[in-house]
Amino acid sequence: MALIDFKVLPGIDKQDTASGAENRWVDCDNTRFRYGLPEKVGGWSSLVTDTIVGVARRQFAFVDLDGNRYIAIGTDKFLLIYFEGQLYDITPLKATLSSCTIATTNNSAVCSITKSNHSLSAGDIVLLDNVTLPSSTGYQNSDFEDKLFQVTSVTSTSVFTITQSSNATATVSTGGSLEVKPYEQVGPAEQSYGYGWGIDTWGNGAWGEAASASDVSLEPGLWSLSNFGQVLIATIANGKTFTWDAGNASRLTVRASTSTSGFSTSANPTATRITLVSPTTRHLIHLGTETIIGDTTSQDDMFIRFSDQEDINDYTPTAINSAGTQRLQDGTKIMGSLKAKETILVWTDNALYTMKFIGSPFTFGFEQVGTNCGLIGKNAAVEIDGAAFWMSPNGFFMFDGTVKSLPCSVEDYVYDQADTTKGQQICAGINNLFTEVVWYYPSTSSDYNDQYVVFNYGEPMKGGVWYIGTEARTSWIDASVYPKPSATKFNDSASGTFPVIVGQSGLGQTTLFEHEVGTDQVNPNGSTTTVTSFIKSFDFDLQAKQKDAQGKSSGPTVAGEVFLAMRRFVPDFKDLQGNAKVTLAVKRYPQQSETTTALSPFTITASTDKKDTRARGRFVNIKIENTDVSESWRFGTLRIDIQPDGRR
C-alpha cells in the first residue's frame with residue numbers, strides 16, 4: 001500500500017480514552033508544542049555551585065540604579081539574594097537573646113542552651129555570637145562563634161538544644177556565656193491539614209510532639225517579594241515586612257530589617273498575608289492584614305490597608321495623604337494579588353476583584369469582576385500582556401477584562417491526582433518565549449511539587465493546547481532581568497550547602513536552575529543528568545487511516561473490526577540531535593493492556609530513511625522519546641505503510 005501521513009493535533013487529551021482521543025496525543029513528559037509540532041523541552045543548568053537549605057517558594061528579579069541585577073529568593077527558612085553567580089544570606093533577625101549559657105554531655109553532640117523565655121521552636125535557625133565556652137568541653141569557641149545552628153528540640157521555656165558536628169569530651173553543667181540571634185520564623189516546609197501527632201513543625205514544642213489547634217500552622221512558609229525602586233520589600237506570610245536596600249555600598253553584608261535607613265517599615269502592620277507595591281502610584285499595599293496596626297490578634301484575612309503615596313511607612317489616613325483601608329466581602333480570605341495592566345488583581349478564595357487608582361478621596365476603587373473563581377494558592381496566578389491566568393480549586397481561569405473558564409483537555413487528570421489541600425505549594429510561571437503558562441503542583445502521593453501542567457496560550461487551536469509532565473519546580477520567574485528563566489527544584493531527602501548550618505537535619509535541598517539551556521540537567525558539581533522526554537499518540541485503528549487512491553475512506557466502517565498490519569514507517573523529524581526512539585504498541589481491544597511490538601523500539605538518527613516493522617493488531621499507538629544525554633528532537637510527520645490483515 002501507499003504510505004499514509006500520520007498527523008496528530010497539538011496538545012494532550014486525557015479527557016477521552018486512549019482510543020477515543022482521535023488524532024490527539026495522550027501522554028508526554030518534558031515535551032512542549034511549538035507551531036503545532038511536539039519537541040523536547042530545553043535543558044537547565046545550576047546557577048551556583050551551592051544548593052540552598054530548605055524549600056524555595058518565591059523568586060523576584062530586580063535591578064538597582066547602577067544596573068546591577070539581583071534575584072531575591074524566599075524559602076521556608078531564609079531570605080537570600082542571588083547576585084552574579086553567588087548567594088548571600090539577608091534573612092532578618094529577631095531580637096538578640098543575651099546572657100545565655102551552654103551545657104554539654106560526654107560523647108554527645110547535643111548541646112543545651114539556657115535562656116529564660118527564649119520563645120524558640122524546634123527547627124528554628126539561630127546565629128551564635130560572642131561565645132565563651134565553659135572549660136573542658138572538648139570544643140573551641142570558634143566551633144560556635146558566628147555559626148548557624150538548627151534548634152534540635154525545646155525542652156522547656158528556658159532550655160533548647162542544638163547539635164554540633166562532633167561529640168563533646170566531657171559533661172559540663174551549664175556555664176560560659178553567648179548571644180543567640182534567632183532568625184525570623186517563616187513557616188513549615190509543607191502545608192498540613194488536620195490536628196494531632198507529628199504535625200508540630202513550627203509551633204512550640206519538640207519535633208514529633210502532638211500539637212494543639214492553637215499552635216498548628218496550616219499554611220507553608222511563604223514570602224511576598226516586590227520592589228520600591230532599588231529597595232527590596234519582603235513580607236513573611238502572616239508576619240512582618242522588611243526592606244533591603246540594593247543601593248547600600250555594603251548591601252551584600254547587610255540583612256533585611258524593619259529599620260533599613262530611609263526605608264523603615266517599623267510602622268507597618270505586623271501580620272499580613274500579602275504585600276505588593278502599586279506599579280504607578282507607589283503605595284505599599286497590605287492584603288489580609290491588621291485592623292489595628294501592631295496588634296496581630298486583629299488580623300483580618302479580608303482587610304486591605306495601603307500606605308501614603310511614596311511613603312511605605314505611613315498608614316494613618318489624613319486629609320492630606322492618600323493612605324486608606326478597604327475590606328472585601330466575597331470569600332473568607334485573600335489568597336493572592338498581581339499587578340496587571342492599569343489595575344491590580346486581588347483574589348479571595350471565592351472571587352476576583354480589581355483595585356484601580358481613582359484619586360482623592362478614596363485613592364483606590366474596588367470592583368468584583370468574578371465569583372466562584374477563587375485562587376487555590378498565593379503563587380498559582382500569573383499575568384502576561386494584560387491577561388491573567390490562574391488555577392482555582394475547581395478549574396482553570398483567565399481574565400482579560402472578563403473572567404473566563406479555560407477549557408482544559410487534561411483537567412480531570414490534573415484534579416484527580418493533585419493534592420488540592422496543598423494549594424499554597426502550587427507555583428505558576430510564565431515562559432513567554434514559548435507562550436507557556438505552567439503550574440507545578442503536588443500529587444496526592446507526594447508531600448512536595450512533583451507534577452506540572454502547561455497551557456500554551458500562543459498555539460492557535462480551539463480550546464487551547466495543554467500538556468503535562470513530572471519535572472516539578474517550587475518557584476519560577478521568566479526571563480526579564482536575566483536572559484533566561486530561573487526556577488528552583490526541591491529534594492526533601494538531601495541537605496543543602498548554603499547557608500552552612502551546623503547539625504542541620506531534615507531541612508531538604510533546593511537547586512537554583514537557569515532554564516532553556518542545552519539539552520540536559522547540569523548539576524551544581526558540574527556533572528550532567530540526562531533529561532529524558534517522550535510523547536505518545538492515541539490508539540488508532542485501520543479505519544482511521546486507510547484511504548483509497550482518491551483519498552476516500554475504504555474498507556469496513558466499524559472501527560477496530562479489522563486487524564491491521566504495519567509493515568514499515570518513514571520518520572520525519574524537523575530537528576534531531578543525537579538519537580530518538582520510536583516504539584509501536586498494539587492492542588486487540590481498546591481496554592486491553594498494550595503489547596510492545598517485537599522490533600520496538602526503533603532507533604532513529606538524522607540519516608534514517610525507513611524502518612521495517614512487524615506490527616499487527618486492531619489498534620496501535622506510537623511513542624517517540626529520547627533516553628540518552630545530549631539528545632533533542634522536534635517531530636514532524638510519520639508516514640506509515642498500513643493495510644488490512646484479516647478480520648476476527
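Is Cys 111 buried or exposed? In this predicted model, Cys 111 counts as buried, because its relative accessibility is 0% and the cut-off for buried is under 20%. The points below take up the cysteines, then a sheet.

**Cysteines**

- A disulfide is a covalent bond between the sulfur atoms of two cysteines.
- The structure holds zero disulfides.
- Cys 100 takes part in no disulfide, and the nearest cysteine sulfur to it belongs to Cys 111, 14 Å away.
- For Cys 111, the closest cysteine sulfur is the one in Cys 100, and at 14 Å it is too far for a bond; a disulfide needs the two sulfur atoms within 2.5 Å.
- Cys 100 has a relative accessible area of 1%, so this residue is buried.

**A three-stranded sheet**

- Strands of a sheet pair through backbone hydrogen bonds, either parallel or antiparallel.
- Three strands form an open sheet in the order β19-β20-β21, and their pairing is antiparallel.
- The edges are β19 (223-228) and β21 (241-245); each has a single partner strand, so one side of each is left without a neighbour in the sheet.
- From one strand to the next, the twist averages 20 degrees.

**The pairing of β19 and β20**

- Strand β20 covers residues 231-236, and six bridges join it to β19.
- The two strands β19 and β20 run antiparallel.
- Trp 223 stands opposite Ile 236, which lies in β20.

Technical notes: Residues are numbered from 1 along each chain as its sequence is written. This is a predicted model: local features need pLDDT of at least 70, side-chain atom pairs count only at pLDDT 80 or more; totals for chains, interfaces and linings use all residues. Side-chain values use heavy atoms; hydrogens and water are left out. Two strands pair if DSSP finds at least two bridges between them. Helices (H or I, at least four residues) and strands (E, at least two) are DSSP runs, numbered from the N terminus. Axes are lines fitted to C-alpha atoms, for helices over the stretch in contact, and angles run from 0 to 180 degrees between N-to-C directions. Buried means under 20% relative accessible area, exposed over 50%, partly exposed in between (1.4 Å probe, protein chains only).
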